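Please open the structure in your viewer and keep the selection tool at hand.

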Amino acid sequence: MTTIMLAIYIVIPCFMVYLQQKWTSFRHSLNILAVIAAILFSTIAATSITQIILEDAVFMTTIHAVFLHPIFLITGAYLGFYVIYRLINVTIQERTRP
């Protein structure tokens with residue numbers, strides 16, 4: 001299972017780089033999706049933590065329940081793929097420079 005997860009975290013960002021190199025407009029789409037994901041990610045975290053503090057229910061289970069929110073998980077996964085995609089992209093760009 002670990003091997004499959006590692007392969008996914010290598011294949012998907014490489015596929016993103018391939019699509020970005022094939023269509024230049026795809027780069028803008030990936031960047032816009034990353035901005036939207038970052039906004040959603042931080043908004044869900046902030047509202048959940050604010051709600052926990054306002055209810056005075058600061059327990060480990062309630063704080064960690066934030067991590068089970070589906071949108072939080074999806075945006076976090078995309079941001080993980082996006083960071084690896086950007087690292088691959090920067091590496092390719094530096095390699096082509098003299």
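Begin by selecting L30, which is buried, with a relative accessible area of 4%. Here, buried means under 20% relative accessible area, exposed means over 50%, and partly exposed lies in between (1.4 Å probe, protein chains only). L30 belongs to helix 2 (residues 24-54). Helices are DSSP runs of H or I with at least four residues, numbered from the N terminus.

Two remarks on the model are needed before moving on. This is a predicted model, in which local features need pLDDT of at least 70, side-chain atom pairs count only at pLDDT 80 or more, and totals for chains, interfaces and linings use all residues. Residues are numbered from 1 along each chain as its sequence is written, and side-chain values use heavy atoms, with hydrogens and water left out.

Is Y85 buried or exposed? Y85 counts as buried, because its relative accessibility is 0%.

How many aromatic pairs does the model contain? The count comes to six aromatic pairs, where rings of Phe, Tyr and Trp (its six-membered ring) pair if their centres lie within 6.5 Å, and planes under 30 degrees apart count as stacked, over 60 as edge-to-face and the rest as tilted. Y82 and Y85 form one of these pairs, a tilted one, with 5.6 Å from centre to centre and 45 degrees between the planes. The two residues are three apart in helix 4 (residues 70-96), so about one helical turn separates them. Y82 also counts as buried, at 15% relative accessibility.

For a further group of rings, select F41, F67 and F72, which ring pairs link into a cluster.

Stay in helix 4 and select L79. L79 counts as partly exposed, at 22% relative accessibility. From L79 to R95 there are 16 residues in sequence and 24 Å in space, C-alpha to C-alpha. R86 is also placed in helix 4, and R86 is partly exposed, with a relative accessible area of 30%.

Then select K22 and W23. The charged end of K22 sits over the ring of W23, 5.7 Å from its centre; this term requires NZ of Lys or CZ of Arg within 6 Å of the ring centre and within 35 degrees of the ring normal.

Finally, colour the model by pLDDT, the predictor's confidence in each residue, from 0 to 100. The protein averages a pLDDT of 86, and 99% of the residues score at least 70. Which element has the lowest mean pLDDT? Helix 3 (residues 60-64) has the lowest, at 74, and helix 4 the highest, at 89. Where pLDDT is low, the predicted coordinates should not be read in detail.
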